[in-house]
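Me: I am new to this structure and would like a close look at one part of it, the nonpolar core. Could you walk me through that part and how it sits in its chain?

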Amino acid sequence: MENSNPRHMHNHIRLQNVLFLTGLALLLGIMIIIAIRANMAQVAQTDNSNQELIDYIEKQEAESAELEQQIVSIRQEIENIHEQSAESESMLNILNDSLAKINLTAGYTAVSGPGIVVTLDDNTAGAELAKKNNPATYNAENFIVHDKDLLYLVKALSSAEAVSINGIRIVDSSSIRCVGSVIMVNSTRIAPPYEMLFIGNGDILLEELYNSGRYITLMYKEIPINATKSDNIVIPAYSGTYSTNYMHVYRENRSSETD
Amino acid sequence: MWLPIMGLIIGLLLGSLLTFSIPIAYSSYFAIAVLAGLDSLLGGWRAVLENKFDGMVLISGFFLNAVIAAFLAFFGDMVGLDLYLAAVIAFGIRIFSNIGAIRHAVIMQHRQKRLEKAKKIVEKKDMDHD
């Protein structure tokens with residue numbers, strides 16, 4: 001304490017103390033490297049788990065796309081076989097006609113006809129403005145198109161004979177739902193802007209659209225929504241399958257046979 | 001005077017050569033312990049410069065502070081409080097104050113040396129005159 005006057009200090013520095021300090025510094029240096037290495041390993045690990053998930057999703061999507069492609073090609077094969085055999089036999093012709101009609105109503109064929117095109121997009125301009133002006137009350141949810149918006153619009157335009165969203169055919173077994181921040185239609189992810197195609201009587205479809213509560217809600221929320229009539233709309237075929245795991249054709253006489 | 005810095009650099013190099021690593025779960029606790037160690041080291045350097053050095057005080061502070069800081073962080077995680085912040089702030093402030101004191105002492109030393117040199121020259125001149 002009596003030596004704390006800095007003007008006399010340097011005379012009293014002892015080599016032993018400095019060496020002691022040096023040893024401690026050496027230890028700390030090793031500790032710092034270990035800490036850095038552990039932190040880097042931790043960062044790498046969190047990155048990895050995300051990457052694994054992304055890889056998994058991408059793999060699954062590629063797989064499902066491949067399977068859909070298989071379905072399309074098999075269906076094409078069946079169609080070819082039907083066409084070949086139908087040429088010779090008139091009975092098959094009739095069957096093929098009914099099959100074609102069933103395929104048409106089931107959504108298994110690409111269709112075209114008059115109807116309307118409805119386009120929707122996220123209200124990005126409004127979101128930016130709201131974020132800038134009142135960030136306290138800003139809620140991103142109010143400025144994006146939700147799965148329910150698309151679902152209710154499809155429901156509202158019930159006179160449509162064929163519907164597609166971003167090139168994906170909507171059929172009886174279709175689903176429109178959200179997974180996280182993306183909308184999934186028939187287990188395919190879609191992103192804004194959304195283009196909904198409806199084949200049917202254009203005037204009736206437009207009337208149904210303008211009368212639907214969801215359309216009014218979207219207008220009120222200032223979501224960019226646009227509807228135009230078109231004479232030639234092309235809607236692709238449904239690329240999925242209908243599952244018949246549980247139901248089978250009911251036969252009245254069957255029960256009596258088994259009894 | 002500059003030996004501790006050399007020691008630190010050699011330690012860093014030595015650490016890079018070693019393949020030893022700790023479990024990832026404890027990496028944040030270990031980082032707090034490293035911060036405590038850095039504080040102790042700077043405190044020790046300051047003590048050397050101010051001539052108050054005590055090896056026992058330094059070594060006990062080095063390890064005990066590290067262990068307590070790590071435990072505090074661990075305990076904070078257990079009870080859902082960010083207690084590690086207490087250690088980070090406390091050691092952060094102490095590190096800065098220690099560095100300030102070291103800088104002070106080094107500058108003073110430098111001036112002292114120059115003063116002595118000047119004195120010698122003056123004495124020499126006086127002797128020449130005599």
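Reply: Happy to! Two residues are in contact, or touch, when they have heavy atoms within 4.5 Å. This is a predicted model, in which local features need pLDDT of at least 70 and side-chain atom pairs count only at pLDDT 80 or more, while totals for chains, interfaces and linings use all residues. Residues are numbered from 1 along each chain as its sequence is written, chains are lettered from A in the order in which they are written, and side-chain values use heavy atoms, leaving out hydrogens and water.

Let's start at Phe198(A). Leaving aside residues up to four places away in sequence, Phe198(A) touches Pro114(A), Gly115(A), Ile116(A), Val118(A), Val154(A), Leu157(A), Ala160(A), Ala162(A), Val163(A), Leu205(A) and Ile233(A).

Phe198(A) also belongs to the largest nonpolar core, which has 28 residues. Such a core is a set of buried (under 20% relative accessible area, 1.4 Å probe, protein chains only) Ala, Val, Leu, Ile, Met, Phe, Trp, Tyr and Cys residues joined through side-chain atoms within 4.5 Å. Val118(A), Leu120(A), Leu150(A), Ile165(A), Met196(A) and Phe198(A) touch the most other members. A second, separate core holds 25 residues, including Val34(B), Leu41(B), Leu49(B) and Ile102(B).

Now for the chain around Phe198(A). Of the 259 residues of chain A, 31% count as buried. Among contacts in chain A with a separation of 6 or more, 75% join residues 24 or more positions apart. The C-alpha trace of chain A spans about 120 × 55 × 40 Å along its principal axes.

Conventions: Buried means under 20% relative accessible area, exposed over 50%, partly exposed in between (1.4 Å probe, protein chains only).
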